[in-house]
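Have a look at the picture below and keep it open while you read.

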Amino acid sequence: MGILSNIFSKIFPSSHAADKPAEGAAPAGAPPVGSAPVGSPAPGTAAAPAAMSQVDVEAILDGKAQQAGEKLNWRTSIVDLLKLLQLDSSLQSRKELAQELNYSGDTSDSAAMNIWLHKQVMNKLAANGGKVPADLKD
C-alpha cells in the first residue's frame, strides 16, 4: 500500500470510494454479485461519485489535531500532516510520496518538495471525495 493510500485510509471511512479497490477487484469478504442490498446500485454499476456524501477533511483533521499531544500545523506542513495521521514523516518517506505523486522537481530541495507535496495531497483528497478548503488546494 502506498503512502497516499495510507493517508486516505486515515481520513476516509472504509465505506468511502477512495478506499475501495479499483474496478474489477472485489474486496475480501465482498458479497457475490447479485446479492446487493436494497437501494444500492445494480450489480456491475458504480455509484456516481456525486451521490456519495463528501468527507469533511478539515473537520476530521481539526478533530485529530485537538487530540494530538502537540501542536501540529497540518494546514501548511506535510510533515505535520503526516505526524497528525501517525504516519512516517521522515525525509525518505516524503521522497517516496513525491515519487508516488510524480514530483518532477529536485527532491534535495525539501522545502519546495514539501510545499508541493502538501498541495498535491490536498488536491488528491478533494479529487477523491474529500471536502477540502479552497485555500489548501492549487
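Start with Leu 91: setting aside neighbours within four places in sequence, Leu 91 is in contact with Ser 110 and Met 113, where contact means heavy atoms within 4.5 Å. Keep in mind that this is a predicted model, so local features need pLDDT of at least 70, side-chain atom pairs count only at pLDDT 80 or more, and totals for chains, interfaces and linings use all residues. Residues are numbered from 1 along each chain as its sequence is written, and side-chain values use heavy atoms, with hydrogens and water left out.

**More on Leu 91**

- Leu 91 sits in helix H4; helices (H or I, at least four residues) and strands (E, at least two) are DSSP runs, numbered from the N terminus.
- With a relative accessible area of 36%, Leu 91 is partly exposed. Here buried means under 20% relative accessible area, exposed means over 50%, and partly exposed is in between (1.4 Å probe, protein chains only).
- Leu 91 and Thr 107 are 16 residues apart in sequence, and their C-alpha atoms are 9.3 Å apart in space.

- The protein chain averages a pLDDT of 81, and 72% of the residues score at least 70. pLDDT is the predictor's confidence in each residue, from 0 to 100.
- Over residues 18–51, pLDDT stays under 50. The model has 15 contacts beyond four places in sequence for residues 18–51.
- Where pLDDT is low, the predicted coordinates should not be read in detail.

**The overall layout**

- You'll find five helices and two strands in the protein chain, and from the N terminus on they run α-β-α-α-α-α-β.
- The protein chain has 138 residues, and 30% of them count as buried.
- Of the contacts with a separation of 6 or more in the protein chain, 51% are between residues 24 or more positions apart.

**Helix H5 and its cover**

- H5 has 18 residues and spans 25 Å from its first C-alpha to its last, close to the 26 Å expected at 1.5 Å a residue. That expected span is 1.5 Å times one less than the number of residues in the helix.
- Among the buried residues of H5 are Met 113, Leu 117, Val 121 and Leu 125.
- What covers the buried residues of H5? The cover includes helix H1 (3–11), helix H2 (57–67), helix H3 (78–84), H4 and strand E2 (130–131).
- Met 122 is also in helix H5, and it's buried, with a relative accessible area of 0%.
- Beyond its neighbours within four places in sequence, Met 122 is in contact with Leu 61, Trp 74, Leu 81, Val 132, Leu 136 and Lys 137.
- After H5 comes Gly 129, with a positive phi near 100 degrees.

**The nonpolar core**

- The largest nonpolar core has 29 residues, and those with the most contacts inside it are Ile 7, Leu 61, Leu 97, Val 121 and Leu 125. Such a core is a set of buried Ala, Val, Leu, Ile, Met, Phe, Trp, Tyr and Cys residues joined through side-chain atoms within 4.5 Å.
- H1, H2, H3, H4 and H5 are the elements that give two or more residues to this core.

**Aromatic pairs**

- How many aromatic pairs does a search of the whole structure find? It finds two. Rings of Phe, Tyr and Trp (its six-membered ring) pair if their centres lie within 6.5 Å; planes under 30 degrees apart count as stacked, over 60 as edge-to-face and the rest as tilted.
- Phe 8 and Phe 12 have ring centres 5.3 Å apart and planes at 70 degrees, so this pair is edge-to-face. Both Phe 8 and Phe 12 are buried.
- Tyr 103 and Trp 116 form a tilted pair, 4.8 Å centre to centre with 50 degrees between the planes.
- Tyr 103 lies in the loop between helix H4 (91–100) and helix H5 (110–127), while Trp 116 lies in helix H5, 13 residues apart.
- Tyr 103 counts as buried at 17% relative accessibility, whereas Trp 116 counts as partly exposed at 24%.

**Positive phi in the loops**

- Most residues other than glycine have a negative phi.
- Gln 86 has a positive phi near 60 degrees; it is in the loop between H3 and H4 and is exposed, with a relative accessible area of 68%.
- Asn 102 has a positive phi of about 60 degrees too. Asn 102 is in the loop between H4 and H5 and counts as exposed at 64% relative accessibility.
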